[in-house]
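I set aside some time to go through this structure and write down what I looked up. The notes are in the order in which I made them.

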Amino acid sequence: SKENGRNCFSFYFEALKTDSNRVLKLDSELRKAIENREFTLVYQPKINTVTNDIVGIEALVRWNSEKLGFVSPAEFIEHAEESGLIISLSEIIFDLACEGNHKLVAAGYPKIPIAVNVSSIHFQQQSFLESVQTILERNNTSAQCFEIEVTERTVMNSAQETVSKLVKLKQLGFKLSIDDFGTGYSSLSYLVRFPLDVLKIDRSFIQHICSLDDKQAIVDAIIQMAHRLQMKVVAEGVETSQQVELLKSMGCDFIQGYYYSRPLPMKELIDFIQFWEVEHQG
Ligand code: C2E
Ligand code: CA
Ligand code: CA
Ligand code: CA
């Protein structure tokens, strides 16, 4: 009926309005948050399941907004990318990662690299390399202490420029990971062109790995190929011991996920490392 149609329309309209209100609020709160540097990092360990070494930790940004409460990085990173705020946000994240590195070194773990997620928008900036070097210098840290995670999509973008940027990052001393692998439709042969150290298999492949044979076959093939290309493999989003056992049997090098630890503030992460090392001594 007419009545219904109108209700439908106004419902739709209300939903749209709420949506755009949210975006406007997010935008203004994010700008303020960047100005006041209201962000923190949490860190999630990556474990070598054969040696039990902690081979690295991934830094993940957190924002607890006074007005909006906890906002997921998926939401505010996307908005930051669309609005151009990502460049200043990235610099804050890198500064925080440098602070994290100083804390790790002070706690006696100078050899555990911190992996920083780099947005493709930031990566593609002409000034990207320069800005990263400036941040390292002003924080008195070196590239060897960091790993850079770029997504498969970033790498797929503008191939030649990407190759030369990755080569330069490598020369500076960064370790390089390709993140979310499997989601971007790149062929594995494409990877030969990039100087990558580590391939991270996306969680979407790991999630049903124990029940779905086709996922197993894909993960198995990715691991084999990555090894042929001299890359190490991280499985991300690992939550169960069955997944750990299966991935180990496939030769997966490193594992990251809630099964070992959620992402933690640096202080708690250091407690975790101390506990872990005591548990796995000798
Ligand atoms: P990502 O880089 O793929 O990060 C992995 C995400 O999976 C993180 O979500 C992490 O908390 C979550 N995770 C880890 N282990 C498990 C598990 O066992 N089970 C499940 N269900 N989830 C797990 P988070 O922190 O919400 O980040 C989401 C995405 O936001 C990241 O995906 C990344 O794309 C982006 N992001 C987060 N922090 C940063 C950052 O500092 N810079 C940039 N550019 N992007 C970031
Ligand atoms: Ca990542
Ligand atoms: Ca990932
Ligand atoms: Ca992911």
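The entries below cover the metal sites, the strands around them, and then the rings.

**Ground rules.** The model is predicted, so I noted the limits: local features need pLDDT of at least 70, side-chain atom pairs count only at pLDDT 80 or more, and totals for chains, interfaces and linings use all residues. Residues are numbered from 1 along each chain as its sequence is written, chains are lettered from A and ligands numbered from 1 in the order in which they are written, and side-chain values use heavy atoms, with hydrogens and water left out.

**Calcium ion (ligand 2).** I looked up the donors first, meaning N, O and S atoms within 2.8 Å of the metal (3.2 Å for Na, K and Ca); water is not among the atoms, so sites may look incomplete. The calcium ion (ligand 2) has E58 (OE), N117 (OD1), E149 (OE) and D179 (OD) around it, at 2.2 to 2.3 Å. I wrote the sequence spacing of these donor residues as E-x58-N-x31-E-x29-D. D179 also coordinates the calcium ion (ligand 3), which is 3.8 Å from the calcium ion (ligand 2). E149 is in strand β5 (residues 146-151) and D179 in strand β6, so this pair ties together parts 30 residues apart in sequence. Helices (H or I, at least four residues) and strands (E, at least two) are DSSP runs, numbered from the N terminus.

**Cover at that site.** E149 is buried at 1%, and D179 is buried at 6%.

**Calcium ion (ligand 4).** For the calcium ion (ligand 4) I found D180 (OD) and D202 (OD) as donors, at 2.6 to 3.1 Å. D180 is in strand β6 (residues 175-181), while D202 is in the loop between β7 (198-201) and α8 (203-206), 22 residues apart. D180 also bridges to the calcium ion (ligand 3), which lies 3.3 Å from the calcium ion (ligand 4). D180 counts as partly exposed because its relative accessibility is 25%; D202, at 13%, counts as buried.

Five of the seven residues of β6 are buried.

**Rings.** I counted seven aromatic pairs. Rings of Phe, Tyr and Trp (its six-membered ring) pair if their centres lie within 6.5 Å; planes under 30 degrees apart count as stacked, over 60 as edge-to-face and the rest as tilted. The pair of F39 and W63 is tilted because its planes are at 45°, with the centres 5.9 Å apart. F39 is in strand β1 (residues 39-48) and W63 in strand β2 (residues 54-65), 24 residues apart. Both F39 and W63 are buried. Y259 and Y260 are edge-to-face, 5.0 Å centre to centre with 80° between the planes. Y259 is partly exposed at 37%, whereas Y260 is buried at 18%.

**Charges over rings.** Here I required NZ of Lys or CZ of Arg within 6 Å of the ring centre and within 35 degrees of the ring normal. R262 has its charged end over the ring of Y258, 3.9 Å from the centre. K215 has its charged end over the ring of F205, 5.8 Å from the centre.

Methods:
Buried means under 20% relative accessible area, exposed over 50%, partly exposed in between (1.4 Å probe, protein chains only).
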